[in-house]
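Keep the structure open beside the text as you read.

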Amino acid sequence: MSGANENDPKVGDVSDDTMISPKVEDTGAGLTVARKLKKGAPPRNSSATTVTWKIQNSSAEALGSSKATNPVPACEQKSQQDTYLKDEARVAELTAELKSTLEKACATAEKLEESKKACKLLRDQVTVLQKDLSETRDFVFSLQRREKTITEADAAAEFHSLCLAVEDWVQTQLTEAFDSKFIKATRPDSRVRKFLSLIPQPGKEAFEYPDTDEYNVIAAIMKFLYLEIFEKDFYCPIERGLMNFLNSIKRSMENLEPRRDLITLRTWRCETLTAVTQRPEFAQFRHKQSKTLSNDLANMLSLFLPRSDISGFTRLVQSTIIEPALQLAHKMHLSVHEFSLGYTSYHSTKLEERHPLRQEWSQFECVSLSPPGKVQRHPIADVIFTYLFDLSPELVFRAVKADSFTEPRVLKRGRILVAVTPEEHGPYAGPLSRPKESPTLLGFMAEINDAKPSGSW
């Protein structure tokens, strides 16, 4: 023990990375090392085990003399071997756990890589969808009208104001004329025939009822506005043949494949007419239409004020009646939704075809002949409402939804003139005997001009 064998491995020859236990993943090699250690010889080709053997061998030499005198008990050797085998089993268990952990880490890394690829793919899809959404939003907004359209409430309010303006104008300008003897000396006049053509059959029958002139004139003015403005396909005449051309395009669009729905057709029509109204020439057409209608209406109404200044009278008619009607019609005709005027079902019926209003009267605004001008707003018991004639039409609204109109909704009820009588007296029948002279100015004018109940202008 005085010197080391030259064949013995030196501690300095062992690298730092080998100063560990035998490779943990080789459990069989560990058992081999244990057997060799038991025999007292170092395992072959193992630097770490060589160092372990040298340490054990040095201890054996140091204790060589004591072994002979103090041998290790067999039970202690067995305990050392068991401890060593347990350590080797633990090493093997940890090795398996490490391998499993590494495998899981590799699998997680692969999933992470796949997730990164999927995430990139989704980001690309989101970018494409955002672009498509932006283009779709721009397209939808392009279909929406940029000009503010009239609402249902505004249409009802403006039409109500127009009706009141006509009534106020007649009451302030013409009431005194209805009793004028000068007018009763009027000779046959074409203007009278034109004016009387605006009065339907029920209104002509009311010539026999006193105090109906004012109401008939109001009704005639409203009928004039209805026929010449609101009932037109477009309220203002434009270039010759243009409306026929636009209507022919609309009919062609209705037959296209794939089929265009109703809202597409209505939107196209309104946008086209809106573009037409923006042309410089349209202002000239509209000015001409306003002047023509004002002249026509003022010319007829001047029958009741023959000594008035016709120029000033025409301007008054234009500013009070014609212009408000044209402005309202402009908004209604350029709406995608439908606004329309309509008269009652009694409007063109004969006397024998009409019956007293019982439950139906609540559908209208009933203006009483006597007392004059009173609007019957609440149910009245034990009375009969006798229809005389329409004063103004009702305003009806239909919204466009996809390929159809919604159910019509009345925004303003029609206004009618009624005679209210007690139920025991029966329906209103007018005077019992016909006087030699008509009780109304319009009746007198109709007799002079030999006007018939029918006819139009």
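Begin with an open sheet of four strands, in the order S3-S2-S9-S4 and with mixed pairing. Its edge strands are S3 (375–376) and S4, each of which pairs on one side only. Strands here are DSSP runs of E of at least two residues, helices are runs of H or I of at least four, and both are numbered from the N terminus; two strands pair if DSSP finds at least two bridges between them. This is a predicted model, in which local features need pLDDT of at least 70 and side-chain atom pairs count only at pLDDT 80 or more, while totals for chains, interfaces and linings use all residues. Residues are numbered from 1 along each chain as its sequence is written, and side-chain values use heavy atoms, with hydrogens and water left out.

Now follow the pairings. S2 and S3 run antiparallel and are joined by two bridges, with Cys366 standing opposite Gln376 in S3. Helix H9 (residues 213–230) packs on the sheet and touches S2, S4 and S9; the direction of H9 makes about 45 degrees with that of S4. Such angles run from 0 to 180 degrees between N-to-C directions, with axes fitted to C-alpha atoms, for helices over the stretch in contact.

What joins strand S2 (residues 365–368) to S9? Four bridges do, and the two strands run parallel. Buried means under 20% relative accessible area, exposed over 50%, and partly exposed in between (1.4 Å probe, protein chains only).

Next, look at the nonpolar interior. A nonpolar core is a set of buried Ala, Val, Leu, Ile, Met, Phe, Trp, Tyr and Cys residues joined through side-chain atoms within 4.5 Å. The largest one has 66 residues, and those with the most contacts inside it include Val217, Leu225 and Phe230. H9 supplies the largest share of this core, ten residues. Phe230 touches Leu162, Ala325 and Met332, among others (contact means heavy atoms within 4.5 Å). A second, separate core of 21 residues includes Cys366, the residue opposite Gln376 in the sheet.

Finally, turn to the charges. The structure holds 14 salt bridges (a side-chain nitrogen of Lys or Arg within 4 Å of a carboxyl oxygen of Asp or Glu). In one of them, Glu167 meets Arg415, with the closest N and O atoms 3.0 Å apart. Glu167 lies in helix H5 (residues 152–173) and Arg415 in strand S9, so the pair ties together parts that are 248 residues apart in sequence.

Terms used
Lists of a residue's contacts leave out its neighbours within four places in sequence.
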